[in-house]
Amino acid sequence: MLRSGCACDGAEPTPPEVAGWLDPATGTFTEGAAPADAGPCTADDCASVSLLRLCDQTEEECTPFLRHLVHNCSGEVTASTDTALDGVTPYTPAGEVGDCEDCPCGPCTKVLALCDYLGPGPTPVVSFLRHLTYDCETGEVLEQTDTLTDRTTPYTPVGEVGECGQCRPTPMCPQLLGLSGPETWSMPEDTESLALTVVCGPVTVTDCTGMATVINECGASFTWSASPAGCAPGRLCTPFTVDVPEGAAVYLNLLTPCDMGDVS
């Protein structure tokens with residue numbers, strides 16, 4: 001009997017090596033090289049050995065094994081031995097022996113990599129593993145446990161569970177402000193868009209480059225917005241100020257992260 005190693009990913013297979021030899025009269029396996037006087041069988045010595053893959057079904061499990069059958073020249077089975085799937089280790093069935101296809105479908109397991117999103121946006125987040133035991137025929141989940149990525153430390157999700165790397169935009173909330181002078185308003189950090197309507201001028205707008213624009217026309221409107229950066233909201237550059245002198249007034253409509261609260 002020869003044994004060959006597995007060859008994966010296109011690797012060259014290793015040369016086969018002798019695992020042992022079988023006595024065709026008894027089916028007994030012996031490790032190592034065959035006896036020195038071993039040679040081809042003659043017409044008068046035509047015993048042969050065949051292998052069957054069977055399963056030993058008990059109340060707890062269904063265990064596959066090999067049955068070595070010894071045939072005489074007429075094809076009759078004269079002896080048999082059972083081994084584990086390695087073809088060497090002796091095996092003794094403990095239950096009912098039959099075809100492996102008759103084994104009942106037992107529980108199956110799989111591990112899912114998930115993320116616990118603790119806040120309404122993409123962060124903070126905790127990576128963890130969900131271990132599932134399910135019925136392989138119906139798909140019904142029989143048991144579920146969660147651990148950290150070390151596979152042992154128990155973990156209990158506290159936020160929204162989902163696939164890792166999801167695009168979860170930061171919630172944005174609109175805010176409307178009415179300003180009358182004298183007042184100088186500074187736009188807060190993380191503002192995504194700003195719309196300004198002059199009720200009474202003049203109003204001076206100074207952007208983040210330091211450029212000041214005086215708006216005298218009443219009813220004039222202007223809008224600034226920043227494009228989102230992936231899943232993160234856009235951010236208008238600061239400092240950005242609106243100077244409203246005495247007698248002037250403006251309305252400001254801005255979009256900021258909801259967790260910033262009132263920015264008036």
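**Group meeting: a chain of strands**

L179 is found in strand β13. Strands here are DSSP runs of E with at least two residues, helices are runs of H or I with at least four, and both are numbered from the N terminus. Before going on, a word on the source: this is a predicted model, where local features need pLDDT of at least 70 and side-chain atom pairs count only at pLDDT 80 or more, while totals for chains, interfaces and linings use all residues. Residues are numbered from 1 along each chain as its sequence is written, and side-chain values use heavy atoms, with hydrogens and water left out.

Back to L179. Is L179 buried or exposed? L179 is buried, because its relative accessible area is 8%, and buried means under 20%, exposed over 50%, and partly exposed in between, with a 1.4 Å probe and protein chains only. Which residues does L179 touch, leaving aside neighbours within four places in sequence? The contacts of L179 are W185, V244, A248, A249, V250 and L252; contact means heavy atoms within 4.5 Å. Y117 is 62 residues from L179 in sequence, and the two C-alpha atoms are 38 Å apart in space.

Now a second residue, T170. T170 sits in the loop between β12 (160-162) and β13 (172-180). With a relative accessible area of 26%, T170 is partly exposed. T170 and G121 are 49 residues apart in sequence, yet 4.3 Å separates their C-alpha atoms. Not counting residues up to four places away in sequence, T170 touches G121, P122, C231, P233 and P257.

Next, the whole chain. How many helices and strands are there? The protein chain has zero helices and 20 strands. Its radius of gyration is 39 Å, whereas a compact globule of 264 residues would have one near 18 Å. That radius is taken over C-alpha atoms, and the globule rule is 2.2 Å times the number of residues to the power 0.38. Along the principal axes, the C-alpha atoms fill a box of roughly 120 × 40 × 30 Å. Of the 264 residues, 24% are buried. Among contacts with a separation of 6 or more, 55% are between residues 24 or more positions apart.

The chain exposes about 16,400 Å², and carbon and sulfur atoms supply 53% of it. These areas come from the Shrake-Rupley method with a 1.4 Å probe, and for residues only the protein chains shown count as cover. There are 8 positive and 38 negative charges, and their mean positions are 1 Å apart. Lys and Arg count as positive and Asp and Glu as negative, with His and the chain ends not counted; each charge is placed at NZ of Lys, CZ of Arg, CG of Asp or CD of Glu.

Last, the strand pairing. Two strands pair if DSSP finds at least two bridges between them. Strands β5 (residues 48-57) and β6 (residues 62-71) are antiparallel, with ten bridges, and four residues lie between them in a hairpin. L51 has H68 in β6 as its bridge partner. β6 also pairs with β7 (residues 77-83), antiparallel over six bridges, and R67 stands opposite D82 in β7. This hairpin has five residues between its strands, and G75 in the turn has a positive phi of about 90°.

Further along, what pairs with β15 (residues 193-200)? One partner is β18 (residues 221-225), antiparallel over five bridges, where L194 stands opposite W224. Another is β20 (residues 249-257), joined to β15 by seven bridges and also antiparallel; there, T197 stands opposite Y251.
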